[in-house]
Amino acid sequence: GTARSLLVGAALNCICGTLSAAMLARDVQYAGIKASGRAVKETVDGVSMVTRVELDIMVDPGDADREEVGHCLSIVKGCMITRSLFRGMEVALNTSML
């Protein structure tokens, strides 16, 4: 329960923070970000482990340039922090615009 929730919360904070910073750096004004996530638990060698984190990130671009928002979404997958997260465990990142 709680530990998995904290893991997912930390991953969401990392991804959403990176996305927000990318949009701020490019002066992209957006209406909002909605995010949810879940941790997949499996038994490996007789021990329970979180083997995968699944994150859904939706950006409401409002009046912003959708192409620029799309570019910022692509940046999220390549920054140092998120790249480290993706190397540490399997992360399914689903991004979209409303």
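Predicted model: local features only at pLDDT ≥ 70, side-chain atom pairs only at ≥ 80, totals over all residues.
Residues are numbered from 1 along each chain as its sequence is written, and side-chain values use heavy atoms, with hydrogens and water left out. The mean pLDDT of the protein chain, where pLDDT is the predictor's confidence in each residue from 0 to 100, is 91, and 100% of its residues reach 70 or more.

The protein chain holds 3 helices and 3 strands, taken as DSSP runs numbered from the N terminus (helices H or I, at least four residues; strands E, at least two). In sequence order these elements give the pattern α-β-β-α-α-β, and the C-alpha trace spans about 50 × 25 × 15 Å along its principal axes. Of the 98 residues, 31% count as buried, where buried means under 20% relative accessible area, exposed over 50%, and partly exposed in between (1.4 Å probe, protein chains only).

Helix α1 (residues 2–25) contains V8, which counts as buried because its relative accessibility is 8%. Leaving aside neighbours within four places in sequence, V8 is in contact (heavy atoms within 4.5 Å) with G37, R38, A39, V53 and L55.

In helix α3 lies T82, which is buried because its relative accessible area is 0%. The side chain of T82 reaches the backbone oxygen of V76 at 2.4 Å and the backbone oxygen of C79 at 3.4 Å. Beyond its neighbours within four places in sequence, T82 is in contact with C14, I15, T18, V76 and K77.

At the surface, V44, V47 and M49 form a nonpolar patch with about 230 Å² of accessible area together. Patches are made of residues with over 30% relative accessible area and no salt bridge, with like charges joined within 9 Å and nonpolar side chains (Val, Leu, Ile, Met, Phe, Trp, Tyr) within 5 Å; a salt bridge is a side-chain nitrogen of Lys or Arg within 4 Å of a carboxyl oxygen of Asp or Glu. One of these residues, M49, lies in strand β2 (residues 47–60) and counts as partly exposed because its relative accessibility is 40%.

How values were computed. Areas by Shrake-Rupley, 256 points an atom, 1.4 Å probe, with all protein chains shown as cover. Polar contact = N/O pair within 3.5 Å; in protein donor to acceptor, adjacent residues only side chain to side chain.
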